[in-house]
Amino acid sequence: LSESGVPQLVEPMIWDYAADLDVESKVLLIEKYRRCGFSKVWFASAFKGATGVNQSLTLIGHHLKNHLQWLKVASNSPADVLQGIALTGWQRYDHFSVLCELFPVGIPSLAICLQALKNGGYSEKVKENVEKLLGMSNLETDTFMR
């Protein structure tokens, strides 16, 4: 792979939407990419979608946990390796499926995930900031929003 010249042309993106993604295996994967000559990698997470083909409401806690795991991967990797993170928001599993989790129901999840990434973690202060930004009195992360 390193002899092909590909590492000078592209930057790999590592996708994982799991709430319990394996931090250690991701760090090892990044090390393998570096040994192959890739100097930068991207992460891909999801702020909505990706939890069920018929899902209509967003499981905020699931997506928040995923982003917190990605922060652990980043903190256990060389500082200069991460190029960025793509927060995907899936609305369909394939072109023959019905739409799932339309964008409006995913906005609170997007806001909390972005704030967690921006602040390097999740805290009551982060939650309060998102509630203020969205004009919400109680952002529920462990249950569906009412």
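Visitor: Let me start with a loop. Where does Ala 50 lie?

Guide: Welcome! Please keep in mind that this is a predicted model. Ala 50 sits in the loop that runs between E2 and H2. Its phi is near 65°, a positive value in a residue other than glycine.

Visitor: Is Ala 50 buried, exposed or partly exposed?

Guide: The relative accessible area tells us: under 20% counts as buried and over 50% as exposed. Ala 50 has 23%, so this residue is partly exposed.

Visitor: Which other residue has a positive phi although it is not a glycine?

Guide: Look at Glu 101, with a positive phi of about 40°. Glu 101 is found in the loop between strand E3 (82–89) and helix H3 (103–119). Its relative accessible area is 1%, so Glu 101 is buried.

Visitor: Let us step back to the whole chain. How many helices and strands does the protein have?

Guide: There are four helices and three strands. The C-alpha trace spans about 55 × 40 × 20 Å along its principal axes. Of the 146 residues, 38% count as buried.

Visitor: And what share of the contacts joins residues at least 24 apart?

Guide: Take the contacts between residues at least 6 apart in sequence: 72% of them join residues at least 24 apart.

Visitor: Which residues of H1 are buried?

Guide: Here is the general idea before the case. An α-helix has 3.6 residues a turn, so residues three or four places apart point the same way. In H1 the buried residues are Val 23, Lys 26, Val 27 and Ile 30. Viewed down the helix axis, the buried residues of H1 fall within an arc of 100°, so they line one face of the helix. Glu 24 and Arg 35, on the other side of H1, are exposed.

Visitor: What covers the buried residues of H1?

Guide: The cover includes strand E1 (13–15), strand E2 (41–48) and helix H2 (60–75).

Visitor: What can I look for at the ends of H1?

Guide: At the N-terminal end, look for a cap: Asp 22 places a side-chain oxygen 3.2 Å from the backbone nitrogen of Glu 24. Just after H1 comes Gly 37, with a positive phi of about 105°.

Visitor: Can we read H3 in that way too? How many residues does H3 have, and what should they span?

Guide: H3 has 17 residues, which should span 24 Å at 1.5 Å a residue; the end C-alpha atoms are 23 Å apart, and this agrees.

Visitor: Where does H3 bend?

Guide: Find Ser 109, where H3 bends by about 25°. Ser 109 is also one of the buried residues of H3, which include Pro 108, Leu 110, Ile 112 and Cys 113 as well.

Visitor: What covers those buried residues of H3, and which glycine follows the helix?

Guide: E2, H2, E3 and helix H4 (124–134) are among the elements that cover the buried residues of H3. The glycine is Gly 120, whose phi is positive, near 75°.

Key. Residues numbered from 1 in each chain as written. Predicted model: local features only at pLDDT ≥ 70, side-chain atom pairs only at ≥ 80, totals over all residues. Heavy atoms only, no water. Buried < 20%, exposed > 50% of the residue type's maximum accessible area, 1.4 Å probe, protein only. Helix = DSSP H or I, 4+ residues; strand = E, 2+ residues; numbered from the N terminus. Arc of directions from axis to C-beta. Contact = heavy atoms within 4.5 Å. Polar contact = N/O pair within 3.5 Å; in protein donor to acceptor, adjacent residues only side chain to side chain. Expected span 1.5 Å × (residues − 1). Bend = angle between axes of the 7 residues up to and from the residue.
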